[in-house]
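Keep the sequence and the 3D view side by side as you read.

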Amino acid sequence: MAKLVSFFLLALVAISMVATTVLAADAQYHLDTSRYGPGSLKPSQCLPQCTRRCSKTQYHKPCMFFCQKCCKTCLCVPPGFYGNKGVCPCYNNWKTQQGGPKCP
C-alpha cells in the first residue's frame, strides 16, 4: 500500500512539472504583438518607452542614449527591462563594430 501511495505522489509531481514547463514555454510566445514589434511606436513615444526599458540598470545614461537612438531608427522598444529583443528584429540585429549588441 505504501508503494502505491508513493507511486501516485511521484506521478502527481511529475505531471505537475511537465504541465508547468509546457505552460511556461507556451506563455513566452503570447506577447501582445500589436504593442511591440517593428514600427509599433511613433518617434515621440521613444522617450517614455526607453525610460521604462532603462529604469532598472545602473548605467542609466548610456542605456537611455542608445535606446533612444535605436528606437528612433527601429520605431520599436522590446517589452521588459532586459531581453525580449526577438520581438523587435531591427533592435535585435543592430550591432556595434565589435559585433556586440548596440541596443540595450
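Helices and strands here are DSSP runs numbered from the N terminus, with helices being H or I runs of at least four residues and strands being E runs of at least two. The model is predicted, so local features need pLDDT of at least 70 and side-chain atom pairs count only at pLDDT 80 or more, while totals for chains, interfaces and linings use all residues. Residues are numbered from 1 along each chain as its sequence is written, and side-chain values use heavy atoms, with hydrogens and water left out.

Begin in the loop between α3 and α4 (89-93), where you will find Leu75. Most residues other than glycine have a negative phi. Leu75 has a positive one, near 55 degrees. Its relative accessible area is 25%, so Leu75 is partly exposed; on this scale buried means under 20%, exposed means over 50% and partly exposed lies in between, using a 1.4 Å probe and protein chains only. Asn84 sits in the loop between α3 and α4 as well. Though not a glycine, Asn84 has a positive phi of about 60 degrees, and with a relative accessibility of 37% it is also partly exposed.

Now for the cysteines. How many disulfides does the structure hold? There are six, where a disulfide is a pair of cysteine sulfur atoms within 2.5 Å. If you number the bonded cysteines of the protein chain in sequence order, the pairing reads 1-7, 2-5, 3-4, 6-12, 8-11, 9-10.

One of these disulfides joins Cys46 to Cys71, with an S to S distance of 2.1 Å. Cys46 belongs to helix α2 (residues 46-53) and Cys71 to helix α3, so this bond ties together parts that are 25 residues apart in sequence. The torsion about the S-S bond is about -80 degrees, which means that the disulfide of Cys46 and Cys71 is left-handed. Both Cys46 and Cys71 are buried.

Another disulfide connects Cys50 with Cys67, at an S to S distance of 2.2 Å. Here Cys50 lies in helix α2 and Cys67 in helix α3, so the pair ties together parts 17 residues apart in sequence. The disulfide of Cys50 and Cys67 is left-handed because its S-S torsion is about -85 degrees. Cys50 and Cys67 are both buried.

Cys76 and Cys88 are each in the loop between α3 and α4, 12 residues apart. Cys76 is buried, with a relative accessible area of 0%, and Cys88 is buried with a value of 0%.

Finally, look for the largest pocket, which holds about 310 Å³ of space. A pocket is an open set of points on a 1 Å grid over the protein atoms alone, where a 1.4 Å probe fits and protein lies on both sides within 12 Å along at least five of seven lines; lining residues have an atom within 4 Å of a point. Grid points are joined across faces, edges and corners, and the volume is the space filled by probe spheres set on the points. The largest pocket has 17 lining residues, and Thr57, Cys63, Tyr82, Cys103 and Pro104 lie nearest its centre. Helix α3 (residues 60-74) gives the largest share of this lining, three residues. By class, the lining has 10 nonpolar, three polar and four charged residues; Ala, Val, Leu, Ile, Met, Phe, Trp, Tyr, Cys and Pro count as nonpolar, Asp, Glu, Lys and Arg as charged, and the others, Gly among them, as polar.
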